[in-house]
Amino acid sequence: MDEGMTIAQVAQRTGLSAHTLRYYERAGLMLEPPPRGDNGHRRYTERDADWIALLTRLRASGMPIAAMRRYAELVRRGQNTYVARKELLEAHRADMIAKIEQLRSDLEIVDYKIDLYSRRILGEE
């Protein structure tokens, strides 16, 4: 079995380290363990790489590992979990929106302070 991508290739493609990829596998985040080549090394498929890309986006958006694991479990269980998957993603979306709103509020304060210092530097205040 020589087809597929090596862990180094997937790491480069996804921006994750080989250590993180192995962790994702141990943590139960992969849909299935990557098959092994004749040399015993992991050989990732396009499907694996696409799944890892999704995991990367979920993690970057603040989804906890436990929720990612739950999502992976639901996907592994098949089409009868669409409702549960949708609900999980909707809850995550709501969390993301709340974080975005908090960041907007924080940005307003930073912008206010920048404006204040700009006026003081120009002697307008």
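I looked up arginine 119 first: at 22% relative accessibility, Arg119 counts as partly exposed. My scale: buried is under 20% relative accessible area, exposed is over 50%, and partly exposed is in between (1.4 Å probe, protein chains only). Aspartate 115 is partly exposed too, at 39%.

I noted the source. The model is predicted, so local features need pLDDT of at least 70 and side-chain atom pairs count only at pLDDT 80 or more, while totals for chains, interfaces and linings use all residues. Residues are numbered from 1 along each chain as its sequence is written, and side-chain values use heavy atoms, with hydrogens and water left out.

Next, salt bridges (a side-chain nitrogen of Lys or Arg within 4 Å of a carboxyl oxygen of Asp or Glu). My search of the whole structure found seven.

Arg119 and Asp115 form one, at 2.2 Å from N to O. Both sit in helix α5 (residues 82-121), four residues apart, about one turn of the helix. Helices here are DSSP runs (H or I, at least four residues), numbered from the N terminus.

Then I checked arginine 13. Arg13 bridges to aspartate 50, with the closest N and O atoms 3.5 Å apart. Arg13 is in helix α1 (residues 7-14) and Asp50 is in helix α3 (residues 46-60), so the pair ties together parts 37 residues apart in sequence. Arg13 is partly exposed at 42%, and Asp50 is partly exposed at 47%.

Last entry: glutamate 25 bridges to arginine 42, closest N and O atoms 2.6 Å apart. Glu25 lies in helix α2 (residues 18-26) and Arg42 in the loop between α2 and α3, 17 residues apart. Arg42 is buried, at 17%.

Technical notes: Helices (H or I, at least four residues) and strands (E, at least two) are DSSP runs, numbered from the N terminus.
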